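Here are my notes on the model, point by point. Please read them with the structure open.

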Amino acid sequence: MISMEGKIFIVGIGPGAEEYLTLKAVETVKDSDYTVGSTRAIDLFADVKNTIAFNVKDLVDKLEEGVDLAVSGNSVSILSTGDPGFSGVLNSVLRISTEKGFPHENIEVIPGISSLQLAAARNHIQWDSANVMTFHGRENIEDILEVIDNGKITIALPSRKVKDMAQFLLDNGVSEDRPVTVCERLSYPDERIVATTLKNIASSEFTYMCIMIIGPKNCP
Ligand SMILES: C[S@@+](CC[C@H](N)C(=O)[O-])C[C@H]1O[C@@H](n2cnc3c(N)ncnc32)[C@H](O)[C@@H]1O
């Protein structure tokens, strides 16, 4: 039996630093009975009631636990890095809610500042005209070849190591001189932005937390 009081908030937490949290996110978490998220995400909130921390391995189990709590009538915030709708947990939560019979009208999405937006902002890019692609957790890397030479900037969440992604582009005929900017750990104190060539990126090490910006073909 589903209580009509139960509610799920899928809350975007921004790229990582507290200063990029929205007031709406802070208020929503403060008012929720439970908050589900990575430890890193939960730690951003000073005022939080009951917490359920997940890691990569138990993510689905914990999301299911969160939905079950909402089915039982609780308000539950589920935290998602950046914006929930860009390689975030939105679709997973919708799927689990459907499976458990939790009504989608009791789900509210609180948008957050995506790492993509911050990468574009840091580099003065009006991203409405960019190729925006995500390869995170997917094996659709070939899709980038369809757009990489269409004259636009490409902003991508890599699927694998940044250097491997660069090597993939080199192996598929993209010029070694193509400008590439890697934005690593945006908003954190050790944020790093490296602007160089595709060739150099293919031999550089980065953490997994990166956005790649690949310049258009024939970019001066
Ligand atoms: C599961 S996806 C989540 C993306 C998120 N929904 C968003 O809108 O930014 C995680 C990937 O986002 C990127 N990412 C998230 N936070 C980042 C940050 N602070 N700096 C650079 N890249 C980040 C990295 O590519 C990371 O592997």
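1. Terms first. A residue is buried if 20 or more other C-beta atoms lie within 10 Å of its own, exposed if 12 or fewer, and partly exposed in between, with C-beta atoms placed from the backbone. Helices (H or I, at least four residues) and strands (E, at least two) are DSSP runs, numbered from the N terminus. This is a predicted model: local features need pLDDT of at least 70, side-chain atom pairs count only at pLDDT 80 or more, and totals for chains, interfaces and linings use all residues. Residue numbers start from 1 along each chain as its sequence is written.

2. Helix 1 covers residues 23–31, and its buried residues are A25, T28 and V29. Seen down the helix axis, they fall within an arc of 95° (taken over the directions from the axis to the C-beta atoms), so they line one face. L23 and E27, on the other side, are exposed. The buried residues pack against strand 1 (7–12), strand 2 (34–38), strand 4 (75–80) and strand 5 (107–110). Contact here means that the C-beta atoms of two residues, placed from the backbone, lie within 7 Å.

3. The open sheet has 5 strands in the order 3-2-4-1-5, with parallel pairing. Strand 3 (50–54) and strand 5 stand at the edges with a single partner strand each, so one side of each has no neighbour in the sheet. Neighbouring strands are turned by 20° against each other on average, direction ignored. Two strands pair if DSSP finds at least two bridges between them. Strand 2 and strand 4 pair in the parallel sense over 3 bridges. Y34 has V76 in strand 4 as its bridge partner. Helix 1 packs on this sheet, and its direction makes about 145° with that of strand 1. Axes are lines fitted to C-alpha atoms, for helices over the stretch in contact, and angles run from 0 to 180 degrees between N-to-C directions.

4. F54 is found in strand 3. Is F54 buried or exposed? It counts as buried, because it has 22 C-beta neighbours inside 10 Å. Leaving aside neighbours within four places in sequence, F54 is in contact with V36, G37, S38, L59 and K62. Its C-alpha atom is separated by 35 Å from that of I153, 99 residues apart along the chain.

5. The largest nonpolar core has 30 residues. Such a core is a set of buried Ala, Val, Leu, Ile, Met, Phe, Trp, Tyr and Cys residues joined through C-beta atoms within 7 Å. Those with the most contacts inside it are A119, I155, A156, V180, I211, M212 and I213. Strand 10 (210–214) is among the elements giving two or more residues, and its 5 residues are the largest share. I211 touches S115, L116, A119, I155, L157 and C183, not counting residues up to four places away in sequence. Another core, of 27 residues, lies apart and includes I10, I13, F45 and V76.

6. Helix 5 (115–122) is mostly covered, with 6 of its 8 residues buried. These are S115, L116, Q117, L118, A119 and A120. Their cover includes strand 6 (131–134), strand 7, strand 8 and strand 10. Just after helix 5, H124 takes a positive phi of about 55°.

7. An automatic or database assignment supplies the domain bounds. The protein is divided into domain 1 (7–110) and domain 2 (115–214). Their centres, taken over C-alpha atoms, are separated by 28 Å. The contact takes 7 residues from domain 1 and 9 residues from domain 2.
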